[in-house]
Amino acid sequence: MGSTEIRPVRWEGNVLVLIDQRTLPGEERDVVCRNVQDVCSAISNMTVRGAPAIGCAAAYGMVLAGREDGFDDAPKDVLGRAAKELAATRPTAVNLFWAVDRMKALSDQYPDPDALRVVLAREAQTILEEDLASCRAMGDAGAELIPEHAVIMTHCNAGALATAGYGTALGVVRSAWAQGKLDRVYACETRPRQQGARLTAWELVRDGIPVTLISDTAAGSVLASGRVSLVVVGADRIAANGDTANKIGTYNLAVLAKENDVPFYVAAPMSTVDLSLLDGSGIVIEERSREEVTFCGGGRIAPEEVDVYNPAFDVTPARYLSAIVTERGVIRAPFQEGFRRLRKPR
Ligand code: MRU
């Protein structure tokens, strides 16, 4: 499989098939989801992760709700229950709620259970296809910001694995590479779950894109060395003013980038923009288990009794962003105005 063909979320026959992102890069395997509960578990245990990919998986969770007991008698109730369960899996990525709401709204228009099942399946496929198209459009829009012989730093995994395919931040990387502008990527390891080391490095090595893996603690000195042309990261939720929630450690990079005069870009589809929040203070930050921090590579690295704080995301204030790359174009501050312009129907 060529790496541009990585498809982490697939509907095959009657089941949802997910690339198991917990076992990469060691083992490439799929996980099959046959009901809503399977999809909820896959999102919370991070079999599928990355904001747009979570949204796509949740949309198919709603399709699977069409098979639950009671759907024929009370489709709206069953769909409402599934929506609640799916929405409770992870709190930060807004794409999850965006996709679930979009699917749930169909039950108002289609009260007949058979008709509803058909439109649910069609809508989930549309969400998936739209995301893939958005990633390609974002990649091309973002590549225009990339100078010749660019060296790009990225954090976490905002790649094909985190989307329907191609990626957001890694979409920009892929398009820049295709245009012959990219020399190298620096991928931050991204403790505690190491999405940079396990997933970004895996995707780029597959694509033959030169990648250097660094520990998160090396990012400051690499940025200060003058080797990096720009930083590009993905997002889990962007507030109306441009404040951006993304993987923990993104804020550190943004501050270090500003200190060293390195442009800092966020690449995300409009489905990641939450205009109901004026700024980032209202974004709920997920806290994950203590074991993610006290264990590494399967081995304990901290005393059993130690207190742990493990936020999965942080919020980078908009003032650190040089621009936001969306599928509808690149916007610069003031971001609220830019979002309003992009939201207008064309
Ligand atoms: O906890 P994760 O792995 O789901 O976090 C993923 C990120 O923070 C990504 O950068 C973000 O979702 C954008 S993915 C295109």
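These exercises work through salt bridges in a predicted model.

Residues are numbered from 1 along each chain as its sequence is written. Local features need pLDDT of at least 70, side-chain atom pairs count only at pLDDT 80 or more, totals for chains, interfaces and linings use all residues, and side-chain values use heavy atoms, with hydrogens and water left out.

**Exercise 1.** State how many salt bridges the structure holds.

Solution. Start with the criterion: a side-chain nitrogen of Lys or Arg lies within 4 Å of a carboxyl oxygen of Asp or Glu. The structure holds 17 such salt bridges.

**Exercise 2.** Locate the partners of the Asp30–Arg10 salt bridge.

Solution. Take the contact: the closest N and O atoms are 2.8 Å apart. Next, place the residues. Asp30 is in strand E3 (residues 30-33) and Arg10 in strand E1 (residues 9-12), 20 residues apart. Helices (H or I, at least four residues) and strands (E, at least two) are DSSP runs, numbered from the N terminus. The classes are buried under 20%, exposed over 50% and partly exposed in between (1.4 Å probe, protein chains only).

**Exercise 3.** Which parts does the Arg102–Glu130 pair tie together?

Solution. The two side chains meet at 2.9 Å, N to O. Arg102 lies in helix H4 (residues 94-104) and Glu130 in helix H6 (residues 113-143), so the bridge joins parts 28 residues apart in sequence. Arg102 is partly exposed at 22%, and Glu130 is partly exposed at 34%.

**Exercise 4.** Classify Arg288 and Glu292 as buried or exposed.

Solution. Their closest N and O atoms are 2.7 Å apart, in a salt bridge. Arg288 is buried at 18%. Glu292 is buried at 11%.
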